[in-house]
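Subject: Structure handover

Hello,

Here is the structure I said I would pass on. My notes on it follow below.

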Amino acid sequence: MAKRALITGVTGQDGAYLADLLLKKGYTVYGTFRRLSTPNFWRLQYLGIFDKVRLMPADMNDMSSLTEAIHVANPDEVYNLAAQSFVAASFEQPISTGTISGLGVAMMLEAIRHTDPKIKFYQASTSEMYGKIGLHSIKEKKGRVLLNEKSNFSPTSPYAAAKVYAYWTTKIYREAYDMFACQGILFNHESPIRGLEFVTRKISNAVAKIHLGIEKELRLGNTKAVRDWGYAPEYVEAMWRMMQYKEPEDFVVATDRFHSVAQFAEAAFDSMDMDWKKYTKTDKKFFRPIDTDALRGDYSKAKKLLKWKPNVQFEKLVEIMVREDVKRWQNVLDGKVFPWDAPNYPTEASIITRSMKQ
Ligand code: NAP
Ligand code: GDD
């Protein structure tokens, strides 16, 4: 009989790619979405799987809806991907971020424990939990990198604090109730269906528009920040492998390479033969009250036990993202209609919050 999976946050980047992967593996896939005034299924449509995922309304703020989702889907595996996942927004909405990304995980674990504790559970943990560690710490020290499953957490955002709570709660349920509760500590992973407010997609979208003469400049915050950027479709494969592993464990998923935001922008503009310095301005508005300065992950445990490794590296990732956004904007200029987020996104210049540095 086909395995059944329930994915929370199926309308997000990872949820959509994971649904696609599990459908290809023969799973029956259930996905939760939250009720919005305007439905947000563009990623599922973009991947051509909108009519294949069984959609259920559920909200991470509402335990009864999570319990109902478990009852209806009757899953073998639950992938908990739903979260308020934008770090900057967590400074503006710290309480709801705590509920959705932290407490919501405890609600889901309780819903599983009371329904059927044999259901396997995956929690979307994050490298953001490591916090501010200093750029010097991730630079080579005889080939060793710092951040792995044993590294300490020192969260620097309400989002990261909520995720640390969720991380420990998941471990507690694993040990206290003998549940198969595993988690991936995933480093940043990107794609052409990444949300537009995240820096990589913000850059690829702007490069496409500037290249086609639709926009004139790109405004960024802290371009010195350093990240370990991978390709999202490969990272959801790692999630699935964790769930098939003989024991529930925690795994870092990363590329072990790092680049600054400036380097991402430079590579993206370069790919369209443009000089990034000519088109990019610094805007204090996009700086955070505190920022995670540098991340670089050591994925050797996942490589050894899950036989997982990243194939798409930084340069290829930049190329994939820019190429797709150029294609989309060119299609618009040619009058074509297709599922896509950018036309609905307000210009970031019009969004003002007090937590932004003025
Ligand atoms: P994403 O694109 O922002 O997707 C988040 C999903 O959560 C969306 O489907 C969103 O629904 C849903 N959601 C938000 N609030 C909700 C609520 N109150 N109730 C129910 N659903 C809600 O994030 P992603 O990049 O796919 O990331 C997936 C997960 O991995 C998240 O937990 C994130 O924190 C974590 N993570 C991501 C990365 C990364 O680099 N991408 C790295 C480490 C960990 P809407 O579509 O309606 O907004
Ligand atoms: N979003 C954004 N916009 N970030 C900017 C900008 C800008 O204009 N300018 C500079 N940055 C810097 C941020 O300050 C941050 O240091 C870095 O670019 C990356 O920001 P994001 O792309 O928003 O991602 P993130 O690293 O904060 O969080 C993402 O990765 C985490 C894993 O480490 C999200 O996907 C989280 O959900 C995830 O947990």
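Which polar side-chain atom lies 2.6 Å from an oxygen atom of ligand 1? The atom belongs to Ser85. Please keep in mind that this is a predicted model, and the distances below are computed from it.

Ligand 1

Gly12 places a backbone N or O atom 3.0 Å from an oxygen atom of ligand 1, and a polar backbone atom of Met60 is 2.9 Å from a nitrogen atom of ligand 1. On its own, ligand 1 has 900 Å² of accessible area, of which the protein covers 91%. Two or more residues of the shell come from each of α1 (13-24), β5 (120-126) and α7 (158-177). Of these, β5 gives the largest share, three residues.

The shell around ligand 1 consists of 27 residues, and the closest are Thr11, Arg34, Asn40, Ser85 and Tyr159. By class it holds 11 nonpolar, 11 polar and five charged residues.

Ligand 2

Around ligand 2 there are 25 residues, with Ser85, Thr126, Tyr159, Arg288 and Asp291 coming nearest.

For Thr126, an N or O atom of the side chain is 2.5 Å from an oxygen atom of the ligand. The corresponding distance for the side chain of Arg288 is 2.6 Å, and for that of Arg194 it is 2.9 Å. The protein buries 96% of the 710 Å² that ligand 2 exposes when taken alone.

In the shell around ligand 2 there are 10 nonpolar, seven polar and eight charged residues. Among the secondary structure elements, α8 (199-211) and β8 (218-220) each supply at least two of the shell residues.

Domains

The chain is divided into domain 1, covering 4-191 and 229-253, and domain 2, covering 199-226, 259-294 and 312-357. Their centres, taken over C-alpha atoms, are 25 Å apart. Domain 1 puts 22 residues into the contact and domain 2 puts in 28 residues. Between them the two domains bury about 2200 Å², and carbon and sulfur atoms account for 64% of that.

Where does ligand 2 sit relative to the two domains? Both domain 1 and domain 2 give residues to the shell around ligand 2, so the ligand lies between them.

Regards

Technical notes:
Residues numbered from 1 in each chain as written. Chains lettered and ligands numbered in written order. Predicted model: local features only at pLDDT ≥ 70, side-chain atom pairs only at ≥ 80, totals over all residues. Heavy atoms only, no water. Near = heavy atom within 4 Å. Polar contact = N/O pair within 3.5 Å; in protein donor to acceptor, adjacent residues only side chain to side chain. Areas by Shrake-Rupley, 256 points an atom, 1.4 Å probe, with all protein chains shown as cover. Helix = DSSP H or I, 4+ residues; strand = E, 2+ residues; numbered from the N terminus. Nonpolar A, V, L, I, M, F, W, Y, C, P; charged D, E, K, R; others polar. Domains from an automatic or database assignment. Contact = heavy atoms within 4.5 Å. Buried area = accessible area lost by both parts, 1.4 Å probe.
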